[in-house]
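Subject: Structure handover

Hello,

Here is the structure I said I would pass on. My notes on it follow below.

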Amino acid sequence: MILMGDTGRGTNAFRNASSHARRAVVGATYSCRVAPLRRLHEQASRKLSTETMDCLNCDGPMPPHIRSGSLFCSEICKQRADTVRYGRRVYRDGRINDPLVAEALRTKMAFAVTDGGYPGAVRELDPATRQAVIDRDGGKCVLCGQTGTEIDHIANSSPELSNLQLLCHECHTKKTQRNLQPIEPGSQADKTWSELMMRIRSPEPLRACDDEVGWPVEWRKIAAERRLADVGNAVT
Ligand SMILES: [Zn+2]
Ligand SMILES: [Zn+2]
């Protein structure tokens, strides 16, 4: 898995991305004297919700197997949009100044800029499997012996018991951080990092799926519009 590390390099990447994003946002505001960002955003969400059926995160076409009314072309696009909204929330309410929250955002970003994150559906464990791991490990973190609270996938996304272990939150976070690798400057992951940071730091959401306030209502509307448009397409 190629991911960003928890070392100084990770912090630098984060700072660089932030200042890069700030410059990009300042530039955008400057060149948009005629069309303020808000109007651009409104145009963008209108276009995205009614005129196209493309992925809300990347504007790419939907693969044929994706079901009607879908908003994202892939799990990773959904994950990127989730990460942008999380980033926008913690910047807005000031929680980004809490080192633990800043670390959590870096970790989410690291997973989101690569395809390294396991799909949410694969990571969800059924209650019986969870309980089996807790029972087998005696309810304790297998690394430090504290009360275990989280199930860790040891090597991959397989839900086999042999690939699962019980950890406490602290040990789980440390393990996740240790597995992250530095991002190569100029790599695709580096570019995606800058793009996501720009979307996080933008005063107005740049995409419908970035709107940390409106999204819980907005996504249902867009999904419904898309399902309707799909029915229309099928009839004509
Ligand atoms: Zn996409
Ligand atoms: Zn532990």
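Please keep in mind that this is a predicted model. Leaving out residues up to four places away in sequence, Met-109 touches Thr-83, Trp-193 and Leu-196.

Two of those partners turn up again in the core. The largest nonpolar core has 23 residues, and the members touching the most others are Leu-56, Met-109, Val-113, Trp-193, Leu-196 and Cys-209. Two or more residues each come from α3 (75–92), α4 (99–113) and α8 (188–201).

Next, the helix α4. The buried residues in α4 are Leu-105, Arg-106, Met-109, Ala-110, Phe-111, Ala-112 and Val-113. Its length can be checked: α4 has 15 residues, and at 1.5 Å a residue these should span 21 Å. The C-alpha atoms at its ends are 21 Å apart, so the two values agree.

How α4 sits against α3 is the next point. In general, a pair of packed helices is described by the distance between the axes and the angle between them. Here the axes of α3 and α4 come within 9 Å and cross at roughly 160 degrees. Angles over 145 degrees count as roughly antiparallel, and α3 and α4 are therefore roughly antiparallel to each other. The crossing in which α3 passes α4 is left-handed. On the α3 side the contact is made by Gln-79, Arg-80, Thr-83, Tyr-86, Gly-87 and Val-90. On the α4 side it is made by Val-101, Leu-105, Lys-108, Met-109, Phe-111 and Ala-112.

One residue of that contact has its own entry in my notes. Val-90 is in helix α3. From Val-90 to Leu-105 is 15 residues in sequence, and the C-alpha atoms of the two are 8.6 Å apart in space.

The last item is a backbone angle. Asp-59 is not a glycine, yet it has a positive phi of about 65 degrees. Asp-59 lies in the loop between α2 (37–51) and α3. Asp-59 counts as partly exposed because it has 14 C-beta neighbours inside 10 Å.

Regards

Conventions: Residues are numbered from 1 along each chain as its sequence is written. Chains are lettered from A and ligands numbered from 1 in the order in which they are written. This is a predicted model: local features need pLDDT of at least 70, side-chain atom pairs count only at pLDDT 80 or more; totals for chains, interfaces and linings use all residues. A nonpolar core is a set of buried Ala, Val, Leu, Ile, Met, Phe, Trp, Tyr and Cys residues joined through C-beta atoms within 7 Å. A residue is buried if 20 or more other C-beta atoms lie within 10 Å of its own, exposed if 12 or fewer, and partly exposed in between; C-beta atoms are placed from the backbone. Helices (H or I, at least four residues) and strands (E, at least two) are DSSP runs, numbered from the N terminus. Two residues are in contact if their C-beta atoms, placed from the backbone, lie within 7 Å. The expected span of a helix is 1.5 Å times one less than its number of residues. Axes are lines fitted to C-alpha atoms, for helices over the stretch in contact, and angles run from 0 to 180 degrees between N-to-C directions. Angles under 35 degrees count as roughly parallel, over 145 as roughly antiparallel, 65 to 115 as roughly perpendicular and the rest as oblique. A crossing is left-handed if the near helix is turned anticlockwise from the far one by less than a right angle, and right-handed if clockwise.
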